[in-house]
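The following exercises are meant to be worked through with the sequence and the structure in view. Each task is followed by a solution in steps.

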Amino acid sequence: MLFSNPINLEMKDGNVVYYPNFFNKNQADIFFENLLQSINWQQDNITVFGKTYLQPRLTAFYADNSKNYKYSNITMKPHHFSGDLLKIKTNIETKLDIKFTSCLANLYRDGNDSNGWHADDEKELGINPIIASISFGEKRVFHFKHRYNKELKKKLVLDPGSLLLMKGATQENWLHQIPKTKKQIGERINLTFRIIK
Ligand SMILES: O=C(O)CCC(=O)C(=O)O
Ligand SMILES: [Fe+2]
């Protein structure tokens, strides 16, 4: 087997599988340190209901084409894949047998950084997008809530070295977030590999 113990989250109207040890601890630690230094982290302004704020985390966008990525009034121009990010891309493409074009990277500096309720449903991702989300560094809680049935919720901890694979109608029917935490915690890097044609 290429990687151990996938956990199917059994999402109604969606399809989410969690792979806790997609990368082993040693690999995950090395990738974390290298990506922290090598990624072109930036902090953008976002405009929500007419008010402008600094985004509560750092981000960077990479692609093997020149297509921009637009979300929350932000347009991100891609950098080219290289170094460990390219190694990770090739590794997951081989293991999953899927080719990705793009990666949106997130750096949560501490518990005060977050990612509010949203779905990855921008039209450039197409219908039923496949999103492969890799985590390194500090573990963080991840929430799902169903868009139309308030009783349906899921909560899980994303461990370093893990992969969360979201596919099928997940983005159409569910929202997700990384909430803030009051705990004193360190940095976390998340890489979301996407297909943008
Ligand atoms: O940090 C995470 O695990 C989630 C990131 C995310 O949802 C996104 O970039 O769209
Ligand atoms: Fe997302």
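Two residues are taken to be in contact if their C-beta atoms, placed from the backbone, lie within 7 Å. The model under study is predicted.

**Exercise 1.** Determine what percentage of the contacts between residues at least 6 apart in sequence join residues at least 24 apart.

*Solution.* Begin with the contacts in the protein between residues at least 6 apart in sequence; of these, 74% join residues at least 24 apart. Next, consider the secondary structure, which comprises three helices and 15 strands. The radius of gyration is 16 Å, close to the 16 Å that the globule rule gives for 197 residues, so the protein is as compact as a globular protein of that length. Finally, the C-alpha trace spans about 40 × 40 × 35 Å along its principal axes.

**Exercise 2.** Identify the residues with the most contacts inside the largest nonpolar core, and the element that gives the largest share of this core.

*Solution.* The largest nonpolar core has 38 residues, and those with the most contacts inside it are Cys 103, Ala 105 and Ala 132. Among the elements that give two or more residues to this core are helix H1 (25–38), helix H2 (83–96), strand S8 (102–108) and strand S15 (188–194). The largest share, five residues, comes from S8. Leaving aside residues up to four places away in sequence, Cys 103 touches Tyr 62, Leu 85, Lys 89, Leu 191, Thr 192 and Phe 193.

**Exercise 3.** Decide whether Phe 193 is buried or exposed.

*Solution.* First, locate the residue: Phe 193 lies in strand S15. Second, recall that a residue is buried if 20 or more other C-beta atoms lie within 10 Å of its own. Phe 193 has 26 other C-beta atoms within 10 Å, and is therefore buried. Third, list its contacts: with residues up to four places away in sequence not counted, Phe 193 touches Lys 89, Ile 92, Phe 100, Cys 103 and Ala 132. The C-alpha atoms of Phe 193 and Ile 134 are separated by 8.2 Å, although the two residues are 59 residues apart along the chain.

**Exercise 4.** Describe the shell around ligand 1 by class of residue and by element.

*Solution.* The shell has four nonpolar, six polar and one charged residues. The residues around ligand 1 include Asn 106, Asp 120, His 176 and Thr 192. The elements that give two or more residues to this shell are S8, strand S14 (174–178) and S15.

Terms used
Residues numbered from 1 in each chain as written. Chains lettered and ligands numbered in written order. Predicted model: local features only at pLDDT ≥ 70, side-chain atom pairs only at ≥ 80, totals over all residues. Core = buried A, V, L, I, M, F, W, Y, C linked by C-beta atoms within 7 Å. Buried ≥ 20, exposed ≤ 12 C-beta atoms within 10 Å, placed from the backbone. Helix = DSSP H or I, 4+ residues; strand = E, 2+ residues; numbered from the N terminus. Rg over C-alpha atoms; globule rule 2.2 N^0.38 Å. Near = placed C-beta within 6 Å. Nonpolar A, V, L, I, M, F, W, Y, C, P; charged D, E, K, R; others polar.
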